[in-house]
Structures are given as structure tokens and as C-alpha cells.
Amino acid sequence: MFYSLTEMRGAAMSLTAAASGLVVFLLSVSVVQGQDGWRVSCSSTEICAVKGSTVEIRCSYTYPSSWNNRVNTLEKTLWLTKQKGGKHVDLNTVSEYAGRVEDLCGNNICTLRIRNLRESDSAEYRFMFKTNQATYWANPVTLSVTDLQVQVSRSGSSTLLRCLSSCSPGQTSYIWFKNREEVKEDTSSYAYFRYESADSYSCALKGYEDFPSPSVYAPKLPSVSVSPSAEIEEGSSVTLTCSSDANPAANYTWYKRNEDSPKASGQIFNITDFRAEHSGSYSCGAQNKLGRSNSTFHLIVVAWSSTMIVNIIRTTLGVLILILALLLSLWMRKKKALRSTTEAPEEIELDSDPEYENNSHTAAQTEDTEEQEDMV
């Protein structure tokens, strides 16, 4: 049987370790903390730490070497966390803590070390030790894990900065950095500074100086991209995009030289049906509560772009090649036709006809007879 020596005397309660299925019954007894050599205490009951850092919760304990006329020996120490539903669970059985938790014990001092803190680690933690006769609990320690941010506001020529965290007021001290150098320590999360455009500020919790908030600063010189990036043809659409490194994030405004009112607001500026009157000098202004920065550029519309000229040349060359190919084809056909008409006809060999030969002989004899008669 385990005996509870906590302040909650007179009541019976059970503790269920969900992952292991172990149920420990805590029964009240008449012994209070500090009596007869029983004692447990922790360095703090509330701790605020920064996301990504390492926290240590330290508790010390004592117990009598004998109690109830029996030898009293230590059996184990344990760190638990309070889960939803009010159950306290052994940290070693919770998968979210795997590889990040160490239980360092020695000389009646136990230290819980949690590395690479997450905001989900914000919870209630309790230390307990168990002897062969009793189980003894420390008071709960509440851990708050915060992600620091600097809030900016202006008051005249001064800048009011506030280090935002989930820590309770007065729970910790704040360290302020100007251009990464420590300039101030205060228990208040507020700080006034006379700001210059090149300055940057950040804050940290005391003891966690290596984990400061992101710096706040005025916008850097904006960069402007133009799409399409080639020459701007008349009648085309143009998209301008302005970007600036700033924290807090910058607001953007577009201006054209010699015009009083802004042309547009927002990071992207679209010009449809670009005409000659749209040509000129433009500027993009990036502004936040810490300052302003401008970038100027020039836009020119062209009637004939190099792309158009190249396309025309390509088209012309294509047409010329087709015409030359057609002319060459016609010329070859004509040459072939002339060659066929100038060639000599083939000789035709006639067969001798006996009847034709007889007729010829008869005709010759007739002519000779007629000549003889004339002579007579």
C-alpha cells in the first residue's frame, strides 16, 4: 500500500497512468510536509520559457530513513504532466516528448529537462518520489511556452515597443536589443525608443537571451519587377510588383512623377492597354510604423519592339523561301519540256512488200515500151 503525504488530507483519489495502465491509489494519512523528515520543494511554481529553447524544472526532496518503525527506502522518482481530462501521465510514456526529455537525479535533487520547447508543451508538471512505505508529491509547476513578437506603435517622435508573450506580468524580466546589442532590461514588457531608420529592435526573456524575438525595422529599399520584362508594346498589359524587406510588413503605394494623387495601392500595380501617355517615371513607396523607403523607375512604350521586328523578318524570309522554291520547281519543269521537244525522232525501218516491188517493175516496163513506140 502507498501512502500520500500531500496537503490534500482527508480525501481519497486515484491517479491513472493512461499509457501504462498503472493505477496508483493515494490515501490520506496524518503526516504533513516537513514533518518527521518528509519534504519536497521545487525551484519555482511558474516558469515562462521561449519556443525552441530548453527549460529545467528542479525539485529537491528528503525522507526519513525509518518510518512507522520500519526501514524507509527510496524506490523511484517520476515526472508527470497533466493531460486533458485532469489525468497525470508519466512523461516517458507520451510520444510528443520522445527524445526531448531527460530526468536527471542525484543527491536528492531531480531535474526535468525539456529541449526544443514547443508551444504545446505549455502544461502543468508534477514531481513525485516513492518509498517502500509512501508516495510523496510536489506542488504542481506551471510551464508557459511563448513565441516572442514585438508590437510597434508611434507616439510623436518616439517609438513604443511591446514585447508580446504569454508570460504573466511580473513573471520574468525583458531584455531589449538595439541593432543586436543589449540596451535595456526591464520587468515591463513596454519600452520607449527614439527610432532612426537604420535601427532594428528585438526582445528576449531574461535567461533566454539566445532566443530573441524577430527584429522589427523600417522597410529596406524596394525592388520593382516589370512583367513582361521585355520592351513594352503599345496596347499591351503591364504588371508591376514591388517588394521590400520590412517588419512589420510594409504597405505599398504607387506614384507617377508630376501627379499628386497615388496611382494605386498594394504590392501589385496593373496597367492595361499601355499607351504613350503611360510612359514616364514611377515610384513605389514601402511604409510601416517605423519608416518609409521609395524606389523610382522608368517605363517607355515602343511602337515597334525588337520582338515584332524579328517576327516580321522571320515571316518575310519564310515567304521568300516559298516563292523561290515555287520558281525553282517551275523552271525545272520548263527545262524538262524543252529537252523533250529538241531530241531527234527515231528512224522507222519499213518492211519490203513483194506486191509493191512487182508493181514498180511493171510500171518501169510500161514506161520503156512507150518510149520505144515514140521513137518509131
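In this predicted model, four strands build an open sheet in the order β19-β18-β21-β22, with antiparallel pairing. Strands here are DSSP runs of E with at least two residues, numbered from the N terminus, and two of them count as paired if DSSP finds at least two bridges between them. The edges of this sheet are held by β19 (181–186) and β22 (216–217); each has a single partner strand, so one side of each is left without a neighbour in the sheet. Further in, β18 (residues 174–178) and β21 (residues 200–205) run antiparallel and are paired over 5 bridges. Within this pairing, K178 faces Y201 of β21 as its opposite residue.

Residues are numbered from 1 along each chain as its sequence is written, and side-chain values use heavy atoms, with hydrogens and water left out. Because the model is predicted, local features need pLDDT of at least 70 and side-chain atom pairs count only at pLDDT 80 or more, while totals for chains, interfaces and linings use all residues.

A second open sheet contains 3 strands in the order β16-β17-β20, again with antiparallel pairing. Here β16 (149–155) and β20 (190–194) are the edge strands, and each has a single partner, so one side of each lacks a neighbour in the sheet. Neighbouring strands of this sheet are turned against each other by 25° on average, direction ignored; the axes behind this angle are lines fitted to C-alpha atoms.

Strand β17 (residues 158–164) is joined to β16 by 7 antiparallel bridges, and L161 of β17 is the bridge partner of V152. The hairpin of β16 and β17 has 2 residues between the strands, and G156 takes a positive phi near 65° there. Towards β20, β17 forms 5 bridges, also antiparallel, with R162 standing opposite Y190 of β20.

Turning to the chain as a whole, it holds 31 strands and 2 helices, the latter being DSSP runs of H or I with at least four residues. Buried residues make up 33% of its 376 residues. Among contacts (heavy atoms within 4.5 Å) with a separation of 6 or more, 58% link residues 24 or more positions apart. The accessible surface, from the Shrake-Rupley method with a 1.4 Å probe, comes to about 23,400 Å², and carbon and sulfur atoms account for 50% of it.

Definitions and conventions:
Buried < 20%, exposed > 50% of the residue type's maximum accessible area, 1.4 Å probe, protein only. Axes fitted to C-alpha atoms, helices over the stretch in contact; angles between N-to-C directions.
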